[in-house]
Amino acid sequence: MTDKITGAQALIRALEHEGVDVVFGVPGGAILPAYDPLLDSPIRHVLARHEQGAGHMAEGYAWATGRVGVCIATSGPGATNLVTPLADALMDSVPIVAITGQVPTGAVGNDAFQEAYTTGITMPATKHNYFVTSPDEIPEVVHQAFHIASTGRPGPVLIDLPKDVLNAETRWHEPEELNLPGYKPTYEGHPLRVREAVELIEKAERPVLYVGGGVIKANASDALRRFAEMTDVPVTTTLMARGAFPDDHPLALGMLGMHGTYTATTAVQRCDLLIAVGARFDDRVTGNPATFAPHAKVIHIDVDPAEIGKVRVPEVPIVGDAGRVLSQLMEAWGAREAPDRSAWKETLRRWQREFPLTYHQDPDGPIKPQYVIEELARLTGGDAILVAGVGQHQMWASQYWRFSEPRRWINSGGLGTMGFSIPAAVGAKAGRPDDLVYAIEGDGGFQMTCQELITAAAEGLPIKVALFDNGAHGMVVQWQRLFYGGRLSASLLGGEVDYVKLVESMGCAGLRAESPDEVAPAIEKSLSINDRPVVIDFKVDLDEMVFPMVPAGGSNDDVIVGPGGGPVAPASDLP
Amino acid sequence: MSKHTLSVVVEDKPGVLARVSSLLARRGFNIHSLAVGPSHEEGLSRMTIVVDAPELEQVKKQLHKLINVVKITELDPDQSMEREIMLVRVAAPPGRRSEVLEVAAIFKAVAIDVGASSICFQVTGPPNKINDFLELVRPYGVVDLVKSGRVALAREPKTTRQRLKAV
Ligand SMILES: Cc1ncc(C[n+]2csc(CCOP(=O)(O)OP(=O)(O)O)c2C)c(N)n1
Ligand SMILES: [Mg+2]
């Protein structure tokens with residue numbers, strides 16, 4: 001007979017049982033019982049300055065390690081502050097478990113102090129959530145939550161625990177076997193569909209692989225690489241999949257979509273076979289879906305059946321885990337020879353030569369943001385986990401960094417949450433303390449979550465931050481210039497912030513670069529400081545715009561390659 | 001838009017109705033009717049949902065993403081039995097009472113409350129029968145009305161029934 005423990009003790013024990021090594025949170029009245037046994041646990045608690053930060057930290061941890069990230073908040077405002085990271089994790093399929101305190105069971109429904117209907121509010125922002133009514137359920141609920149968060153299409157799961165349940169007595173027991181009759185993800189692709197896919201691939205003259213974040217979630221990068229080489233199919237990666245396929249590979253076309261390379265976006269427009277793997281035909285990728293990949297037959301591989309046929313009905317649907325299905329495809333492919341696709345690949349190479357990513361850094365002019373990314377890549381040797389905010393700086397980072405490995409690019413794609421990078425970088429650093437973690441953040445986003453730099457300093461998590469200081473919501477300015485006649489409504493930040501002083505006051509080292517020649521020295525300096533977080537305030541040019549660009553809702557045939565260059569997609573390019 | 005009937009087996013957990021209805025609302029599918037109650041198995045409930053949707057594939061797939069949803073069957077109207085219950089109070093002053101009762105008799109509607117100026121009928125059956133009855137009594141004056149959501153079950157597959165007949 002095991003000893004009596006409290007529900008709170010059972011909770012911490014259950015987390016230990018799942019192998020949790022770090023949790024991110026902010027305490028408060030209703031969750032206090034759970035904070036007491038944390039003191040006696042080997043689990044590390046990182047005290048965020050805001051629950052949104054705690055949630056993004058859990059996400060950053062999950063992205064960087066592939067394990068489930070955990071965040072904790074109290075009832076009411078603590079829980080509502082978690083809504084943004086939960087919605088973010090749902091959109092980007094990030095496995096996190098959120099634990100929230102709740103007012104005592106007897107007070108639920110009475111508008112008690114700090115009561116919010118957390119399970120109701122988070123229902124559409126989670127993969128699943130639980131309201132726990134007895135301490136005896138805790139081992140099973142926690143075990144199920146981790147299972148649901150990390151399997152199938154990963155996502156956020158929330159556990160709401162009333163204070164009396166945390167305080168009540170129970171006995172620890174190993175969680176019983178999972179009983180989830182309605183949750184049985186499919187991992188193995190249907191053999192018939194696999195055979196059909198192989199036939200299409202063998203016949204295709206102009207195939208393209210359209211690779212999404214699912215490949216990273218499924219740890220299928222190696223399989224992808226072998227498959228692409230075996231079948232000789234060029235690869236485009238979405239914003240979520242940067243790093244799933246090495247950018248220096250001869251088959252790599254880079255990112256596609258709204259700010260994708262001309263070659264990647266156009267290759268999909270001209271391909272005769274599109275092989276989508278762990279991708280969901282998001283509007284930022286397809287532009288107007290009616291004109292997307294108009295000549296292509298589609299093979300769609302995804303672990304979430306609801307994604308298949310949601311936007312585009314594929315010729316060959318394959319429900320399954322990206323890694324397993326790619327292996328099945330390779331097995332079915334066997335010793336076949338890839339057909340001669342040299343004409344197609346030559347066309348792609350010509351486009352790459354004709355329409356490369358371009359910018360011009362005038363040595364005497366203002367710092368170009370693209371130059372900062374290139375210098376960062378050069379001086380770190382690309383050996384860093386890059387964590388981006390949302391805006392122009394994010395797009396430049398995804399375009400100009402040469403990714404070579406998965407889980408080294410972390411960003412908010414689906415929800416597009418400004419302020420994501422600093423807390424997510426803190427979480428990534430907690431999960432991979434030996435790696436260099438560099439956050440790329442805009443000044444707009446920085447002002448939303450920069451208080452988590454205090455967390456980074458206080459907790460000994462020395463992240464580095466490249467602050468792209470253009471004095472504006474740069475991406476908004478860009479849209480206003482392009483689509484609103486240059487009328488800048490509420491997009492210039494105003495106010496005067498001395499970022500060096502600001503970050504120094506939070507326990508970080510602050511550096512500044514105001515001209516191109518100051519960029520490299522500042523980065524080098526940042527790499528030499530490892531006892532504190534470092535922030536470099538790069539004063540960058542607000543006049544720079546992100547190109548290529550396909551205007552929202554437009555056709556991917558109309559890629560605008562640069563400021564002067566209107567739509568270019570000469571019909572003669574059709575091979 | 002066409003109506004489709006779904007028979008959905010769910011775990012009998014608190015909030016499961018809210019999950020199903022909020023998911024359908026969020027994804028833009030209009031619920032025409034929804035009826036829920038215990039199923040023949042302990043711990044499982046059965047929902048009959050009638051939705052307006054151009055096609056059902058997405059509705060089914062989205063519902064399947066709910067952890068508490070165990071099984072979804074789309075019911076073909078020709079291969080299933082659909083029933084509703086309606087309680088309708090019809091104006092029936094003493095002079096017209098027998099006339100109203102006659103109409104009711106044809107439809108096997110049961111008078112469950114007879115008052116001084118109205119009669120309340122209970123009608124059960126397939127939705128079209130209920131609607132027919134309603135149209136017939138409308139001219140007398142409908143004072144009050146309530147309908148259950150539609151409930152439905154699939155018929156036993158034809159082959160078995162034919163075999164039974166043959167025996
Ligand atoms: C939380 C949130 N609010 C608003 C937006 C809309 N939005 C998208 S980009 C952007 C500007 C971002 O500015 P900044 O962080 O300075 O990055 P920049 O584009 O200047 O590089 C805004 C306001 C958003 N994505 N997220
Ligand atoms: Mg900015």
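1. A residue counts as buried when its relative accessible area is under 20%, and as exposed when that value is over 50%, with partly exposed in between. The model is a predicted one, and in it 11 of the 11 residues of helix 18 of chain A, residues 421–431, are buried, so the helix is largely enclosed by the rest of the structure. The buried residues of helix 18 of chain A include A:Ile422, A:Pro423 and A:Val426, and A:Lys429 is also among them.

2. Turning to charged pairs, the count of salt bridges over all chains comes to 40.

3. Which residue forms a salt bridge with A:Lys345? The partner is A:Asp232, and the closest N and O atoms of the two are 2.8 Å apart. This pair links distant parts of the chain, since A:Lys345 belongs to helix 15 of chain A (residues 342–354) while A:Asp232 sits in the loop between helix 11 (221–231) and strand 10 (235–237), 113 residues apart. With a relative accessibility of 17%, A:Asp232 counts as buried.

4. A second salt bridge joins the side chains of A:Arg284 and A:Asp283, at 3.2 Å from N to O. Both partners fall into the partly exposed class: A:Arg284 has a relative accessible area of 40%, and A:Asp283 has one of 47%.

5. The side chains of A:Arg512 and A:Asp537 also meet in a salt bridge, with a distance of 3.3 Å from N to O. Here too distant parts of the chain are linked, with A:Arg512 in strand 19 of chain A (residues 509–513) and A:Asp537 in strand 20 of chain A (residues 534–539), 25 residues apart. Through shared partners, salt bridges join A:Arg512 and A:Asp537 with A:Asp469, A:Asp498, A:Lys501 and A:Lys539 into one network.

6. For chain B, the domain assignment gives domain 1 as residues 3–75 and domain 2 as residues 81–152. The centres of domain 1 of chain B and domain 2 of chain B, taken over C-alpha atoms, are separated by 29 Å. Eight residues of domain 1 of chain B are in contact with five residues of domain 2 of chain B, and the two domains bury about 510 Å² between them, 54% of it on carbon and sulfur atoms. On the side of domain 1 of chain B, the residues that lose the most area to domain 2 are B:Thr5, B:Ala35 and B:Thr48, which together account for 50% of what that side buries.

7. As for the kinds of contact across this interface, the rule finds zero salt bridges between domain 1 of chain B and domain 2 of chain B, while the count of residue pairs in polar contact is three. Strand 1 (3–11), strand 2 (30–38) and strand 3 (44–52) of chain B each supply at least two residues of the side of domain 1 that touches domain 2, and strand 2 of chain B gives the most, with three residues. The residues of that side of domain 1 of chain B divide into three nonpolar, five polar and no charged.

Conventions: Residues are numbered from 1 along each chain as its sequence is written. Chains are lettered from A and ligands numbered from 1 in the order in which they are written. This is a predicted model: local features need pLDDT of at least 70, side-chain atom pairs count only at pLDDT 80 or more; totals for chains, interfaces and linings use all residues. Side-chain values use heavy atoms; hydrogens and water are left out. Domain bounds come from an automatic or database domain assignment. Contact means heavy atoms within 4.5 Å. Buried area is the accessible area (1.4 Å probe) that two parts lose on being put together, summed over both. A salt bridge is a side-chain nitrogen of Lys or Arg within 4 Å of a carboxyl oxygen of Asp or Glu. A polar contact is a pair of N or O atoms within 3.5 Å; within protein, one must be able to donate a hydrogen and the other to accept it, and residues adjacent in sequence count only if both atoms are side-chain atoms. Helices (H or I, at least four residues) and strands (E, at least two) are DSSP runs, numbered from the N terminus. Ala, Val, Leu, Ile, Met, Phe, Trp, Tyr, Cys and Pro count as nonpolar, Asp, Glu, Lys and Arg as charged, and the others, Gly among them, as polar. Buried means under 20% relative accessible area, exposed over 50%, partly exposed in between (1.4 Å probe, protein chains only).
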